[in-house]
Structure formats: C-alpha cells, structure tokens
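Subject: A structure for you to look at

Hi there,

Here is the model I promised to pass on. Please open it beside this email, and my notes on it follow below.

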Amino acid sequence: TTATANNNGDDDETKKSAAGKAEDDCKHSNSPNDFAQRAWNYCNDAYRLDLCVRYGAEVIACAAIHLAVIDLKLPMLPHTPHPWWEVFVGQSKELDISNVCNAIVGLSDPKQTDVRIA
C-alpha cells in the first residue's frame, strides 16, 4: 500500500499544468509581490481604460499574466508547440494581447508602449 500511496503522489505531481508550475515558482521567488497579485493589479489597471469594451476578458487576463511574468522577471511561458495563450483565447489573438499589454503599460509610462508577446 505504501507503493500505491507514493505513486498517487507522483501522478499528482506530473499532472500539474504549466500555469500551476509557474505559480509555484512565483511563491518561492524573492519578489516583493507574488505572481497572482501582480497579474490582478494589471487587470485592475485595464479597467482605467476602455479595454473591457474592446476586448474579451480572456484577452485582458492573458495580457495581465504576460505583463506579470515580464515584471517579475520569471521564465517566459511556453511558445512551442503552441503559444500558451491559445488555450485561453484561441489562435490569432497575439496582436490583441500585445495591444492590451501596450495600453496597460502606457498608463504608467506613455513612452514605453512596445510590449511584444512573441
């Protein structure tokens, strides 16, 4: 029964998604803010603009995640075999996510509006 219990624990570990592993890495980082809070802050910033009427919530969320990864200097989320955001928004949304990122970044620094996601 001990072997079965150990195998179940191993199976749970191997089933973690890429997002879950990234979140775990953030919890152990030396950053003053954790990943989830930083992404949430970017979502709140998005509501200072008209982004919520121009783009879907999933596009804004992906942009916030991307900006949090950049801001906390975390390893980039996978782009191969398909970009990570396609799971949430489908294909052909790279430009939309870039536009949202640039708009959010433009709130704090209007000169820095060239965030690329690929």
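P81 sits in the loop between α5 and α6, where helices are DSSP runs of H or I with at least four residues, strands are runs of E with at least two, and both are numbered from the N terminus. The peptide bond joining T80 and P81 is cis, with omega at about 0°.

Before going further, a word on the ground rules: this is a predicted model, so local features need pLDDT of at least 70 and side-chain atom pairs count only at pLDDT 80 or more, while totals for chains, interfaces and linings use all residues. Residues are numbered from 1 along each chain as its sequence is written, and side-chain values use heavy atoms, with hydrogens and water left out.

K73 is also in the loop between α5 and α6. This residue comes just after α5 and has a positive phi of about 55° although it is not a glycine. K73 is exposed, at a relative accessible area of 72%; here exposed means over 50%, buried means under 20%, and partly exposed is in between, with a 1.4 Å probe and protein chains only. You will find another positive phi at S92, near 65°, and again the residue is not a glycine. S92 belongs to the loop between α6 and α7 and is exposed too, with a relative accessible area of 74%.

**The overall picture**

The protein has seven helices and zero strands, giving the pattern α-α-α-α-α-α-α along the sequence. It has 118 residues, of which 31% count as buried. Its accessible surface is about 7,800 Å², and carbon and sulfur atoms account for 51% of that; areas come from the Shrake-Rupley method with a 1.4 Å probe, and for residues only the protein chains shown count as cover. Taking contacts (heavy atoms within 4.5 Å) between residues at least 6 apart in sequence, 62% join residues at least 24 apart.

The largest nonpolar core has 26 residues, and L51, I97, V100 and I104 touch the most other members. By nonpolar core I mean a set of buried Ala, Val, Leu, Ile, Met, Phe, Trp, Tyr and Cys residues joined through side-chain atoms within 4.5 Å. At least two residues of this core come from each of α3, α5 and α7, with the largest share, eight residues, supplied by α5. Leaving aside residues up to four places away in sequence, L51 touches A46, I60, V100, A103 and I104.

R38, in helix α3, is worth a look as well. R38 is buried, with a relative accessible area of 12%. The C-alpha atoms of R38 and A68 are 5.5 Å apart, although the two residues are 30 apart in sequence.

**Aromatics**

There are two aromatic pairs. The rule covers rings of Phe, Tyr and Trp (its six-membered ring) with centres within 6.5 Å; planes under 30 degrees apart are stacked, over 60 edge-to-face, and the rest tilted. W84 and W85 pair edge-to-face, at 6.0 Å centre to centre and 85° between the planes. W84 and F88 are edge-to-face as well, at 6.3 Å and 70°. W84, W85 and F88 form one aromatic cluster, and both W84 and W85 are buried.

Enjoy exploring it!

Best wishes
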